[in-house]
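Colleague: I'm new to reading protein models. Could you walk me through this one, feature by feature?

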Amino acid sequence: MSLDTRTLQPNFVVQLMRLLPTDQEVAALQSYTGPKEDLGVAERFLFELLCIPRLKPRLQCFVFILEFNARLHDLSENVEVFSYAIHDIKRCTSLVKVLEIVLALGNYMNGQGPKGGAYGFKLEFLTKLADTKTSDNKSTLLHYLVDYIHRKFPEYISFPQELSNVEIGAKVSENIVDEISKFKKEIKFIYEEMNKPYYKSNAKTDPCGSKLEQFYHTAYRDMEVLEQNKKEALAMYKELSKMYGEEELKPDEFMTYIHQFAQSFKEAHNENVRKKEEEERVRARREQFLKQMQENERLAEQRRQQKQMAGGKPQPQPSKDPVK
């Protein structure tokens, strides 16, 4: 088996690996001394597979080689998105201003108590704003915060739009380190396999070893680039988490808190806008109703006066003088 990537597809190789004989089947086939013609089709197929040296690790290498480019692309893209998400948060000065207002609001509410005068808060606190009801139980602290910012600092209200990469950044960062570590181990497996004595001693008759070596050198260079990009992204995250006082948070946890707050903030703003629009519609309908009532009264008075004039005699008006 020469690892010809032009003739075999990953799915076929994976299926082939599932058909590999078990140790018990290998022992049974190796003990068979009769003519091959007496074996069934499946047994003859397994018998032929046993003739290929180092078949299982060879197939494992083959699958990795076939999937390498796609997996490298996905991992590189994940590191890139993770980096974009970090840049989004670092550049979003509006987010910092909003968090400063949250801190000021919290200190005002806590007054001179033990929780008052705080210099900061954990990002997890942001998820609780929507659960804290106002005194009339008709709204939440988050809705009040959003309304206050909309009135006093409207330039900060659209900060969620500046964090477009954070949601996907949170998702890809969850397993990015483990996935790249697994990727590196599989490249190492290629290296270990190509250095097996079998390939050295059979280099002229079995080209598999030389193909593994050729692939390894290319894959190793690509892996070094990916690893460097990952390290740079993690270094940027470390700096960012330190700036927010959240060094203990994993990247996916940190970004999830930011994303959830941004989404909740955006939804609360939309709800406030809808509420105010509804209040405006109710006010407009009330004003229209009052105007209509006044108009009806005016028309009724006008008809009464016209009726009096049509009768020819003015109706006596009651005297305003007190009765003597």
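This is a predicted model: local features need pLDDT of at least 70, side-chain atom pairs count only at pLDDT 80 or more; totals for chains, interfaces and linings use all residues.

Colleague: Got it. How many helices and strands are there in the protein?

Modeller: The protein has 11 helices and 0 strands. Reading along the sequence, you get α-α-α-α-α-α-α-α-α-α-α.

Colleague: And what share of the residues counts as buried?

Modeller: For that you need the cut-offs: buried is under 20% relative accessible area, exposed is over 50%, and partly exposed is in between. Of the 324 residues, 33% count as buried.

Colleague: How can I check the length of a helix, say α10?

Modeller: Multiply 1.5 Å by one less than its number of residues. Helix α10 covers residues 208-243, which is 36 residues, so it should span 52 Å. Its end C-alpha atoms are 51 Å apart, which agrees.

Colleague: What happens just after α10?

Modeller: Gly 245 takes a positive phi there, about 70 degrees. Some background: most residues other than glycine have a negative phi.

Colleague: Which residue has a positive phi although it is not a glycine?

Modeller: Look at Arg 54, with a positive phi of about 50 degrees. Arg 54 sits in the loop between α3 (41-49) and α4. Arg 54 counts as partly exposed because its relative accessibility is 32%.

Colleague: Now salt bridges. What's the general idea?

Modeller: Side chains of opposite charge can pair when their charged atoms come close. The cut-off used here is a side-chain nitrogen of Lys or Arg within 4 Å of a carboxyl oxygen of Asp or Glu. By this rule, the count comes to 18 salt bridges.

Colleague: Which parts of the chain does the pair Glu 186 and Arg 71 link?

Modeller: Their side chains meet in a salt bridge at 2.6 Å, N to O. This pair links distant parts of the chain, with Glu 186 in helix α8 and Arg 71 in helix α4, 115 residues apart.

Colleague: How many residues apart are Lys 171 and Glu 167 in helix α7?

Modeller: First the general idea: an α-helix has 3.6 residues a turn, so residues three or four places apart point the same way. In helix α7 (residues 166-173), Lys 171 and Glu 167 are 4 residues apart, so about one helical turn separates them. Their side chains meet in a salt bridge at 3.8 Å, N to O. Lys 171 is exposed, with a relative accessible area of 53%, while Glu 167 is partly exposed at 37%.

Colleague: Could you show me another pair, and a network too?

Modeller: Arg 285 and Glu 278 also meet through their side chains in a salt bridge, at 3.7 Å, N to O. Arg 285 is partly exposed at 49%, and Glu 278 is partly exposed at 33%. For a network of salt bridges, see Asp 147, Arg 151 and Lys 276, which are linked in one.

Colleague: What about surface patches? Which residues form the negative one?

Modeller: A patch is made of residues with over 30% relative accessible area and no salt bridge, and like charges are joined within 9 Å. The negative patch is formed by Asp 74, Glu 77, Glu 80, Asp 178 and Glu 179. The elements giving two or more residues to the negative patch are α4 (55-91) and α8 (176-194). Helix α4 gives the largest share, 3 residues. Asp 178 lies in helix α8, and Asp 178 counts as exposed because its relative accessible area is 54%.

Colleague: And which residues make the nonpolar surface patch?

Modeller: Phe 289, Leu 290 and Met 293 make a nonpolar surface patch of about 300 Å². Met 293 lies in helix α11 (residues 251-310) and is partly exposed, at 37% relative accessible area.

Colleague: One last thing: how far apart are the C-alpha atoms of Val 96 and Tyr 244?

Modeller: Along the chain, Val 96 and Tyr 244 are 148 residues apart, but their C-alpha atoms are separated by 9.5 Å. You'll find Val 96 in helix α5 (residues 93-110), and Val 96 is partly exposed, with a relative accessible area of 34%.

Note on methods: Residues are numbered from 1 along each chain as its sequence is written. Side-chain values use heavy atoms; hydrogens and water are left out. Patches are made of residues with over 30% relative accessible area and no salt bridge: like charges are joined within 9 Å, nonpolar side chains (Val, Leu, Ile, Met, Phe, Trp, Tyr) within 5 Å. Accessible areas come from the Shrake-Rupley method with a 1.4 Å probe; for residues, only the protein chains shown count as cover. Lys and Arg count as positive and Asp and Glu as negative; His and the chain ends are not counted. The place of a charge is taken as NZ of Lys, CZ of Arg, CG of Asp or CD of Glu. Buried means under 20% relative accessible area, exposed over 50%, partly exposed in between (1.4 Å probe, protein chains only).
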